[in-house]
Structures are given as structure tokens and as C-alpha cells.
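Hi everyone, thanks for coming. Please have a look at the sequence and the model on the screen, and then I'll walk you through them.

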Amino acid sequence: VRMKICQVETTLVSTNRIAGLGHRSLRVVKEKGGALSVAVDAVGCRPGDWVIVVGSSAAREAAGSKDYPSDATIVGIIDYWGEDGNPPSHE
């Protein structure tokens, strides 16, 4: 299982979805290197939050089912980390 630390950029609104996606919220997340991805929000995060994102089969299970069509799911909101208790900046 691959886990990544990302920052939530914004909500992604998609009116046309396959039936299996349901009404789960989608978020645009940014990795420290700047790469953007779309992740299913399983925890209720907000833009600006630092989150833990899982991929592969763990993403599908975290979103609700092994059959769920997700390759990235947010499974946790990070409160703090590191000695100073703050996340690294996106510089």
C-alpha cells in the first residue's frame, strides 16, 4: 500500500459520473513536488488541509468497496508532524 502526504487544493465538481462513483466528494490534492491528483474524500477534509492519501486496492476499500472506481482516497487529516509541529512549505 502506497501512502502519500498531500495538501488539499480545492473541491472538484463533476456533474457527469459513472453510477459507481455515487455522490462522494472529490478533491484536487497536491504533492510536495507540485503534482496534482484527484482523490476521493473519505474523511471530510477542506482546502488547505494536509492529508494522507492511499492508492491502489487500499484506495478502493477505503472509499467503501473493492469494486469502487478510485485510485486515490483520502484516509486521514494530518494535525501536525515534525519537531516544530508544522508541515513543510510548498516552495
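Let me begin with a word we'll need: a residue is buried if its relative accessible area is under 20%, exposed if over 50%, and partly exposed in between, using a 1.4 Å probe and protein chains only. Two notes on the source. This is a predicted model, where local features need pLDDT of at least 70, side-chain atom pairs count only at pLDDT 80 or more, and totals for chains, interfaces and linings use all residues. Residues are numbered from 1 along each chain as its sequence is written, and side-chain values use heavy atoms, with hydrogens and water left out.

Now the strands, which are DSSP runs of E with at least two residues, numbered from the N terminus. We say that two strands pair if DSSP finds at least two bridges between them. In what order do the five strands close into a barrel? The order is β1-β2-β3-β5-β4, with mixed pairing. From one strand to the next, the twist averages 55°, with axes fitted to C-alpha atoms and angles running from 0 to 180 degrees between N-to-C directions.

Let's follow some of the pairs. β1 runs antiparallel to β2, residues 26–31, and six bridges join them; glutamine 7 has lysine 30 as its bridge partner in β2.

Next, the inside. A nonpolar core is a set of buried Ala, Val, Leu, Ile, Met, Phe, Trp, Tyr and Cys residues joined through side-chain atoms within 4.5 Å. The largest one here has nine residues, including Cys6, Val29, Ala39 and Ile74. β1, β4 and β5 each supply at least two residues of this core.

My last stop is aspartate 41, in strand β3. Is aspartate 41 buried or exposed? It counts as buried, because its relative accessibility is 9%. Its side chain reaches the backbone nitrogen of cysteine 45 at 2.9 Å. Leaving out residues up to four places away in sequence, aspartate 41 touches Ser25, Arg27 and Ile74, where contact means heavy atoms within 4.5 Å.

Methods. Helix = DSSP H or I, 4+ residues; strand = E, 2+ residues; numbered from the N terminus. Polar contact = N/O pair within 3.5 Å; in protein donor to acceptor, adjacent residues only side chain to side chain.
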